[in-house]
Amino acid sequence: MLRRMIAIAALGLAVALVLSGATSTSVGAQGKDKNARGKQLYMTYCASCHGVDGKGTGPAAAALKAPLMDLTRIPKDKDGKFPALKIRNIIDGELVVSGHGSREMPVWGRYFKERAGQTMSFSNVYALMRYIESLQVQ
């Protein structure tokens, strides 16, 4: 319970940091370029497996044991919305998707914390989650 409350508080802080950075650096940005940081993080850490287009056909995908999920068609939650918290928890490593068997996807939250600290980790995970949300097919 305490861990969940801390995670929610930290997510709120990360959202505030991302939004404050977004308003100061991307005023006037249009479309998917509004989250240039999320896109850059995705291209650096995710595209080798998930592909530049998010369809799971990156150059390293063939070396994995199971086919990768098409990140452009993430099932919506019960309210018909993008499941942002669930995706954030998968990226951060707090949620392991049972259908994947053993976890092949790196735990980016842990990696970001080791490299840049807790606050930047939450901010990076949030930016990645929002970029993946922008990939969704309408």
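Let's start with the aromatics: Tyr45, Tyr111 and Phe112 are joined into a cluster by ring pairs. Keep in mind that this is a predicted model. Across the whole structure, a search turns up four aromatic pairs. Take tyrosine 45 and tyrosine 111: their ring centres are 5.6 Å apart and the planes meet at 65°, so this pair counts as edge-to-face, the label for angles over 60 degrees. Tyrosine 45 belongs to helix 2 (residues 36-45) while tyrosine 111 belongs to helix 5 (residues 108-116), so the pair ties together parts 66 residues apart in sequence. Tyrosine 111 isn't hidden away completely, either: with a relative accessible area of 27%, it is partly exposed.

Rings also meet charge here. The charged end of lysine 113 sits over the ring of phenylalanine 122, at 5.8 Å from the ring's centre.

Phenylalanine 122 takes us to helix 6, where it is one of the buried residues. Others among them are Val125, Tyr126, Leu128, Met129, Tyr131 and Ile132. Helix 6 runs over residues 118-134, 17 residues in total. From first C-alpha to last it reaches 25 Å, close to the 24 Å expected at 1.5 Å a residue.

Notes
Residues numbered from 1 in each chain as written. Predicted model: local features only at pLDDT ≥ 70, side-chain atom pairs only at ≥ 80, totals over all residues. Heavy atoms only, no water. Helix = DSSP H or I, 4+ residues; strand = E, 2+ residues; numbered from the N terminus. Expected span 1.5 Å × (residues − 1). Buried < 20%, exposed > 50% of the residue type's maximum accessible area, 1.4 Å probe, protein only. Phe/Tyr/Trp six-rings, centres within 6.5 Å; stacked < 30°, edge-to-face > 60°. Lys NZ or Arg CZ within 6 Å of the ring centre and 35° of its normal.
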